[in-house]
Amino acid sequence: MFSSHHHDGAHSDLADRLKHPFRELKEKLKDTNLHEAKVNLIHQKHKIGKFANLFNPEHRHDEEHEKACDEKRNRIADQHRFKSYFPERDGNLIKWYVDGRNYFWAVSVALEQAKETIYIADWWLSPELFLRRPPYFNQEWRLDKILKRRAEAGVKIYIVVYREVEAALTCNSAHTKHALQNLCPKESPGYGNIKVMRHPDHNVLENAADMTFYWAHHEKFIVIDYAMAFIGGLDLCFGRWDDHQHILSDVHPEGVANEIWPGQDFNNNRVMDFKNVQDWKQNELSKDEYGRMPWHDVAMGVIGPCVYDIAEHFVLRWNFIKRDKYKRDDRFDWLEIQGRQDVDEDLVGVQRPKHPVGGYVLHPLTPLGSKNLDDRGTLHAQVVRSSADWSSGILTDHTIQNAYSEVIRSAQYYVYIENQFFITATGDQQSPIHNTVGRAIVDACVRAGKEKRKFRVIIIIPAIPGFAGDLRDDAATGTRAIMDYQYKSICRGKHSIFEQIRAQGVNPEDYIFLFNLRSYDRLNRTPEIRRQEEESGVKYRDVQRAEAEEIMGEGIHDPADSEGERDEHTGKREEQREAKENMRSNEAKGRFEAARRKGYETKSASSVAHHAMANTGKLSEEVWEGDPEEEVDNWIQEELYVHAKLLIVDDRIVICGSSNLNDRSQQGNHDSELSIVMEDTDKVQSVMDGQPFEAGRHAATLRRYLWREHLGLLPPQPHDASNDPNAQPPGEDSPNDAWDRDESYKFVQDPMSDDLWSMWTTNATTNTQVFRHLFHADPDDHVKTFNDYNTFLPPKGVKAGHIFDRFLPPDDIRKKLDQVKGHLVWMPLDYLKDANMAETGLQVNPWTESVFT
């Protein structure tokens, strides 16, 4: 048998040599420059060949192996609810986070504990973001410093950020990339452990066929060691940190070290959008003249089997970007994932080119079975997404829209929505709007109306999308276009939600209620600050910049980062210029502080926003240093920007993630999004419309917490969250604190209660009237045409957000503000109803309208 086998082997070897006569020569040349030159020529051929993709939009789905992979994904999705690629999974432990203070603290703890890998996907990431406040006293908790520590400890960090169209957005992902890559330079601990990808590519020579200008990567999620994940509406970026009282003022006569929002982190998009964010210390918005835009958001922390699904989505995106942009770049490896290897590695985008550049790394780095993902909690959950060919190389996946529509249509008692936008259609008659979540709302309301059943749809969205500018200006046409589409979705035109319900004999005003959020505060610009300015010759604005330079000034000054790439905010000349500026700023700050009177103690509070919350006493009893008339000039208000992407239905089901309620987020082939659908199997005895009811603990506690925040029934929060269970990572030892220690918890337990609804609507009405009378807060139902603005708003040039009538008695202002409870105000459904809100032109036209929807 051996001789026969030997004979067959010799014959086979001879045949092989005849077929491949130059194999030995190839092997000898393999490690020579000639071989390398050949491989480079092959890479150049493929690079040039990408131009052919201009004429083949299906170029990622037309080869047999690609068709087979698409079919495999479809078969998997067909087996799952909502047609999601990801399955429903039991045994998750999921914790909710309300507002940035809680979320960022929890993320800081979790990142610091990372042992193997960190994945971060963001629309915008600010390396200089402080995850704990005040920054001066928490400098080690700046995001880049945490990542640097983990990289030096051997943790592999993978980051994917959206590469913006620079002419349209100011998030400067180039700075993000260079700043992070420079944290661990060559020959330092951690070198090579931080990898940053940006996508999509805007290089016409490299990627002409696949450039995307309209759509964005909008996901916001983190995966740590394949053991824990965070997912929701919060990017790790400037402007997002906030607490429940939603402070506007950050002026500190007691010492600038007490500032909460340094540099670019203090922002108000309604007054001035972010500018030059690579210069993180800069802030052109003076804190002693304006308030910030407060920020409301919601996110989740996950332990359990859904962590794997979130990680798998990241790996798919990483490998797709590797293929799309970095295929011939050896800085970036292909990522393999346990459970998706061999015949299934195509599901996560792994490719095996003949001449691969970069290696293949298997994740997690230790066995998946060691991650303790099974039976961790009581949440039944499922990951859903909006993703497509341009964003992840797959066929269009719009399972977030599927989930929203199915869950809303099945609602029996209430639908509660918090979202940044509300643009949706009720059918196919509202082009350019195509998502039909609006039809699900119509169906749910009509069914309730026909059955004579109490039912409510409660929607909270921002008063104005957060872009800079006076709404009267031509520059605000885009913002008005978004608002116009929202009104057409809600109540204007026969295809709107309201009119579609009314057409079936049901009154929509009995079922659908829309609200905004708004906050007030007082700038603590005291006589002492003015005296220090006069004596030192230094403006407080310069002092705030010097403070930012002190705690945020560890910039990147090398001519190139660790990957040899350049940032415009680097280099020796820039370093020398900054050194001189810093010296002047520090000297100015020193003069200002030296002018402070010895023994002086500030009597007035740096913020009075907490008086909208519970158990805080009367605002009218607050001390003000100086002339009462001067206090009038220091009252400010601003919309509380709703950035959450949240749906709660019937105290049982929650959907949370990055997805807005508009076509951009819901259609699947526009912005990329990731969300999670959750239902708790741990039931709590509750009440629904006066009857005993079993609610899911997760949904019910989150809804009760949010509603009490909006009603002003929760106490204000201290900045230090070290002892707050709601600001810790998810875990058996740190469940959510539902704040059930006072009567307010029971008061809000029944979401259909008449007493609760009376408080909700009364607070909204009172708050709306106070903000209207004192500030003429914009937008408002009294502004039905652009001419109405002439009497409603102060003249152009007057500072935004201040008291309208400067001659009001100071005590009257205080007494009116005493009436404000929480942050609810009614959404003005009559705003500009008699005007053409968005005139067709260069900004809004058939080519651009999909950008706004």
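The model is predicted, so to speak of local features a pLDDT of at least 70 is needed, side-chain atom pairs count only at pLDDT 80 or more, and totals for chains, interfaces and linings use all residues. Residues are numbered from 1 along each chain as its sequence is written, and side-chain values use heavy atoms, with hydrogens and water left out.

Let's begin inside. A nonpolar core is a set of buried Ala, Val, Leu, Ile, Met, Phe, Trp, Tyr and Cys residues joined through side-chain atoms within 4.5 Å. Buried here means under 20% relative accessible area, while exposed means over 50% and partly exposed lies in between (1.4 Å probe, protein chains only). The largest such core has 79 residues, and Met 300 and Trp 760 have the most contacts inside it. Helix H9 (residues 306-324) gives the most to this core, with ten residues. Helices (H or I, at least four residues) and strands (E, at least two) are DSSP runs, numbered from the N terminus. Another core, of 58 residues, lies apart from it and includes Val 107, Ile 118, Trp 123 and Leu 129.

Now look at Trp 760. Leaving aside neighbours within four places in sequence, Trp 760 is in contact (heavy atoms within 4.5 Å) with residues including Tyr 416, Ile 458 and Ile 460.

Tyr 416 leads us to strand S13. Five of the five residues of S13 are buried, so the strand is largely enclosed by the rest of the structure. In a regular strand the side chains alternate between the two faces of the sheet. In S13, Tyr 414, Tyr 416 and Glu 418 point one way, and Val 415 and Ile 417 the other way. Two strands pair if DSSP finds at least two bridges between them. S13 and S14 run parallel and are joined by five bridges, with Tyr 416 opposite Ile 458. S13 also pairs with strand S18 (residues 646-649), in the antiparallel sense and over four bridges; there, Val 415 stands opposite Val 649.

Together, S13, H12 and S14 make a right-handed β-α-β unit. Right-handed means that, with the strands pointing away from the viewer, the path from the first strand over the helix to the second runs clockwise. Helix H12 (residues 437-450) has 14 residues, which at 1.5 Å a residue should span 20 Å, and its end C-alpha atoms are 20 Å apart, which agrees. The expected span is 1.5 Å times one less than the number of residues in the helix. Eleven of the 14 residues of H12 are buried, so this helix is largely enclosed by the rest of the structure. Its buried residues pack against elements including helix H11 (399-409) and strand S15 (512-522). Just after H12, Lys 452 takes a positive phi of about 55°.

One of the buried residues of H12 is Cys 445, with a relative accessible area of 0%. The structure holds zero disulfides (pairs of cysteine sulfur atoms within 2.5 Å).

Our last stop is strand S11 (residues 379-387), where nine of nine residues are buried. S11 pairs in the antiparallel sense with strand S20 (residues 673-680) over eight bridges, and Arg 385 has Leu 674 as its bridge partner there. Strand S1 (residues 89-98) also pairs with S11 in the antiparallel sense, over two bridges.
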